[in-house]
Amino acid sequence: MAKKRKRTDAPVEAAGAEKPDDSAPERPPRTLFGFKDPAPDAEPASAAAAAPFRNKEKVLITCSRRITYRYRHLMQDILSLLPHAKKDSKVESKQSKGNALNELLELRSCSSCLFFECRKQKDLYLWMVKSSGGPSVKFLVNAVHTMEELKLTGNHLKGSRPLLTFSTNFDEQPHWMLVKEMITQIFATPKDHRKAKPFHDHVFAFSIVDGHVWFRNYQISVPHNEIDKVDKGGLDKMTLIEVGPRFCLNPIKIFGGSFGGPTWYENPYYISPNQIRALEKRQKAGKYVKKVKAKVRRKMHEMENTLEPDEFAELWKGE
C-alpha cells in the first residue's frame with residue numbers, strides 16, 4: 001500500500017493570506033461636461049449625504065369626453081413637449097371626476113396632473129393638480145392656437161429639456177408665486193430622465209398680461225458654421241424662433257386639495273363664458289326689439305298725420 005503524505009501548514013498559510021485586489025478603480029461620477037474627479041482633500045461622506053436629490057416628477061395628461069378636435073390637438077401638442085408625461089384614456093366630466101383621477105394618479109405613479117375639461121363643446125378648462133394632497137388650480141383656456149394652425153418655421157429636438165422663463169410680476173402676489181411654482185414643477189423636464197435628451201434648445205415663456213398667463217414656445221437658434229462659432233455667453237448671436245402652440249390661461253380658483261378642497265384664492269375679475277354668451281344674446285335681442293318699436297312708431301305717426309286727398313289724382317283717368 002502507498003504511504004500517506006504528511007500534512008503541511010503551507011496551504012493553510014496560503015489560504016489565510018489575502019489576495020491582491022486586481023479590480024479596476026471605481027469610476028468617478030459623470031456630469032454634463034464629462035467625468036469629474038473628486039477633490040484630493042475631500043472626506044468620504046455618509047451614504048445619505050452622498051446620495052443626490054433625484055427629481056422623479058411624472059405628469060399625467062388626460063381630457064374629458066366629448067372634447068373638440070382643436071382642444072384635443074392642443075393636448076397632444078403639450079404631450080409632445082413634455083417627455084416625462086403620460087397619457088391616459090378620457091374621463092367623464094362629472095362631480096366625481098376628482099376621485100377617479102386621484103386613483104389614476106396612484107395607479108400610474110404620477111405626482112402631477114393636467115386635466116383638460118371641455119364643457120358644451122365650446123369652453124375649455126385646465127386643471128393643474130399636485131397629487132395627492134394638492135394644491136390644484138383651475139384655469140379657463142382662451143386664445144388657443146395649435147401647431148398645425150400656426151405653421152411656424154421654428155423647430156427643436158423632441159424630448160429635449162426646456163428653459164423656463166417667467167415675467168417679473170409673478171413674484172408680486174402670493175397666488176402668482178404659487179402658480180409659478182406649480183408650472184415650474186410640471187413643465188420642467190427632470191434631469192437624467194430616460195426619455196429626455198440632454199440638450200436645452202427651446203424656451204417656455206410664461207408672462208402675465210391683464211391678469212392672464214400667456215404661454216409661448218421658442219426655439220433657440222444658434223449658427224453652427226465653423227466661422228461663426230458661438231462662445232459661452234455669446235447671447236448676441238442667438239435668436240429665438242417661435243414654434244408653438246399658443247394659449248392663454250385665466251385663473252379661476254386655487255384649491256387646497258387635489259381637485260377640490262378649501263378655496264385659497266378666487267379671481268374677482270373672472271366672468272364665466274355663460275354670462276358672456278347671455279349678454280351677447282340680450283344685445284342681439286335688444287336690436288330686434290328696437291326694430292319692432294321703430295315699426296310701431298312709424299305706424300302711429302302715419303295714423304296721426306294723414307295725408308290730404310289729392311284733387312288732381314283722378315284727372316287723367318278718364319282719357
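**Close-up 1. Arg-108 is partly exposed, with a relative accessible area of 28%.** On that scale, buried means under 20% relative accessible area, exposed over 50%, and partly exposed anything in between (1.4 Å probe, protein chains only). This is a predicted model: local features need pLDDT of at least 70, side-chain atom pairs count only at pLDDT 80 or more, and totals for chains, interfaces and linings use all residues. Residues are numbered from 1 along each chain as its sequence is written, and side-chain values use heavy atoms, with hydrogens and water left out. Asp-88 counts as buried, at 17% relative accessibility. Arg-108 and Asp-88 form a salt bridge, their closest N and O atoms 2.8 Å apart. Arg-108 sits in the loop between helix H4 (97–107) and strand S5 (112–119), and Asp-88 in the loop between strand S4 (85–87) and H4, so the pair ties together parts that are 20 residues apart in sequence. A salt bridge here is a side-chain nitrogen of Lys or Arg within 4 Å of a carboxyl oxygen of Asp or Glu. Helices (H or I, at least four residues) and strands (E, at least two) are DSSP runs, numbered from the N terminus.

**Close-up 2. Glu-117 pairs up with Lys-97 in a salt bridge, at 3.9 Å between the closest N and O atoms.** The pair links distant parts of the chain, 20 residues apart, with Glu-117 in strand S5 and Lys-97 in helix H4. Glu-117 is buried at 1% relative accessibility, and Lys-97 is buried too, at 11%.

**Close-up 3. Glu-242 and Arg-246 make a salt bridge, with 2.6 Å between the closest N and O atoms.** Glu-242 is buried at 15% relative accessibility, while Arg-246 is partly exposed at 24%. A search of the whole structure turns up twelve salt bridges.

**Close-up 4. Helix H6 (residues 174–187) has its buried residues on one face.** The buried residues are His-175, Trp-176, Val-179, Met-182, Ile-183, Ile-186 and Phe-187. Looking down the axis of H6, they fall within an arc of 125°, so they line one face of the helix. That arc is taken from the directions from the helix axis to the C-beta atoms.

**Close-up 5. A nonpolar surface patch is formed by Tyr-288, Val-289, Val-292, Val-296, Met-300 and Met-303.** Together they have about 600 Å² of accessible area, worked out by the Shrake-Rupley method with a 1.4 Å probe; for residues, only the protein chains shown count as cover. Patch members have over 30% relative accessible area and no salt bridge; like charges are joined within 9 Å and nonpolar side chains (Val, Leu, Ile, Met, Phe, Trp, Tyr) within 5 Å. Tyr-288 sits in helix H7 (residues 273–304) and is exposed, at 59%.

**Close-up 6. Strand S7 (residues 136–145) has the highest mean pLDDT among the elements, 96.** pLDDT is the predictor's confidence in each residue, from 0 to 100. Strand S2 (residues 34–35) has the lowest mean, 48. Where pLDDT is low, the predicted coordinates should not be read in detail.
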